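Open the model in your viewer and keep the selection tool at hand. This tour goes from stop to stop: select, look, move on.

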Amino acid sequence: MIVLAVDLGTTATKVVAVDAQARVIASTERAYPMRTSGLEATHDPQQVLDAAFDAIRELASEDVRAIALTGAMHSIMGLDASLKPVTEALSWADNRAVEQTERLRGTSEGRELHQATGAPIHSFTPLMKLAWFHENGVRAAKWCEIKDFVHLHLTGELINEHSSGSGTGLMNIHTLQWHEPSLEFAGVTADQLPPLVEPTHSTPLKAEIPGLRKGIPVIVGGGDGPLGNLGVGAATPGAGAVSLGTSGALRVAQRGPGVDDEGRTFSYAIAEGLWVRGGAISNGGVVAQWASETFHIPVGDLLKQAEQVDSDGLVALPYLLGERAPWWDPTAHAALLGLRREHTPQQITKALVEGVCQQLALVLDAVPHVESLRITGGAFRAPIWAQTLANTLGMPLHLTEDTGGSAVGAALLAWRALDEIESLTVDLVRPTRTITPDEDAITRYAKARPFVAKAYRALEELYSEGTGPRR
């Protein structure tokens, strides 16, 4: 018997068949475009819906016990009174709400909202996107995330859950209800948002899908970030997961919600009292792609060459796409400090890789009680990333490959809802290898990290004064 986990991603939906031992039996995916223009990044809800149903149909069989959902967090879309879309679905990558974000960021109101909702004050959150919609006269009878929309068409019910809800900036992580001060800022009311339920909540399948038994459970699931921890076996309190692709994230499981006092982290729910604390960074493997394009060297070759060199005093603030954790600053600028004529493309690339890893280390510094770390993601196919990260974080890293990530996490939620596994902390995923840090490198990177933080703050001050170049 299997569960079909539906992972609604940024550029494609993947459907994965997973058994009760967390083994991936089969998978398929359907691509769709993310429309970008300036600060806008959106999806056509119908394209995402069609992709999900088409992929489910491919893997449908009598062996399917349930369907479970996950997807990219922080989307938002408007529906009319008949629950038809009246806007596109804004992706997490949509940053048009920068002005609304900057008005709130750094204020006492912003700090209070961050502490109450667990979501940082950043333009990627639905809180800010709804404020932008409100100020620009866009109205809807209902607002929901794209995953809610797919769930509606599978079951006939429009609901959200505590995992995705904790990433909206609209849900109080302590009461698990929509947060009235957030709603007021966003210009919406609670009845315009879906009801909140547990991520293991089950609703019967009503859609007619050939090959699937009618009425099988549809598990509402959760956000791709926290379920990514679950999918790589890092849901036990103190266990962390680092994912690194174009962007990256570090999340550590804990019992109960809560962010650090300085507001450097987020707090998102997994399920059943398990939460993750951590942060996503906007710049991961993208820095190597940029270097490859700039120096006209294939990215794989450039990373191999960079692995063999020292950055020779060069320090990179790798904020090519602004930055999220721990600064939560969409207007952050990249910088190369200490650059001299003799620095080579390989040394610049090494500094950029180090800069990304230092950013993840700054996130780790904001998370207490980290006992172990598992890593996953396409960037780690290049050895320079895993070894530099181990040296920077100062911990052994346990690599998990081809696990299915968030989709496996969604499937495990379903198996838990079906009472086929006794706990979400049962570790069914085994790492393939361990990367051990170099003790001398640990010391060197730890000494350099305060410089990175001071450099960011100094440049931020210059830009805020209007001293820096035009934005």
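**Stop 1: a histidine in a loop.** Select H333. This residue sits in the loop between β20 (315–317) and β21 (335–337). Helices (H or I, at least four residues) and strands (E, at least two) are DSSP runs, numbered from the N terminus. H333 is partly exposed at 25% relative accessibility. Here buried means under 20% relative accessible area, exposed over 50%, and partly exposed in between (1.4 Å probe, protein chains only). Now show T331: its backbone oxygen lies 2.8 Å from a polar atom of the H333 side chain. Then pick V426, 93 residues from H333 along the chain; the two C-alpha atoms are 42 Å apart.

A word on ground rules. This is a predicted model, in which local features need pLDDT of at least 70, side-chain atom pairs count only at pLDDT 80 or more, and totals for chains, interfaces and linings use all residues. Residues are numbered from 1 along each chain as its sequence is written, and side-chain values use heavy atoms, with hydrogens and water left out.

**Stop 2: the annotated span.** Select residues 2–231. An unreviewed UniProt entry places the feature "domain: Carbohydrate kinase FGGY N-terminal" here. UniProt positions are given in the numbering used here, feature names are shortened, and annotations may be inferred rather than shown by experiment. The span is 31% helix and 27% strand, and its end C-alpha atoms lie 16 Å apart.

**Stop 3: helix α8.** Select residues 224–231. Is this helix mostly covered or mostly open? It is mostly covered, with 7 of its 8 residues buried. Among the buried residues of α8 are P226, L227 and L230. Step just past α8 to G233, which takes a positive phi of about 80°.

**Stop 4: a leucine in α4.** Select L127, in helix α4 (residues 126–135). L127 is buried, at 2% relative accessible area.

**Stop 5: an aspartate in a loop.** Select D260, between β17 (248–255) and β18 (266–271). D260 is buried, with a relative accessible area of 7%. Its side chain makes a polar contact with the side chain of T265 (2.7 Å). A polar contact is a pair of N or O atoms within 3.5 Å; within protein, one must be able to donate a hydrogen and the other to accept it, and residues adjacent in sequence count only if both atoms are side-chain atoms.

**Stop 6: salt bridges.** How many salt bridges are counted? The count is 25, each one a side-chain nitrogen of Lys or Arg within 4 Å of a carboxyl oxygen of Asp or Glu. Select R340 and D312: their closest N and O atoms are 2.9 Å apart in a salt bridge. R340 lies in the loop between β21 and α11 (345–364), and D312 in the loop between α10 (299–307) and β20, so the pair ties together parts 28 residues apart in sequence. R340 is partly exposed at 37%, and D312 is partly exposed at 33%. Next, select D94 and R96, which meet in a salt bridge (2.7 Å, N to O). D94 and R96 are buried. Finish with R30, D54, R57 and E58, linked in a network of salt bridges.
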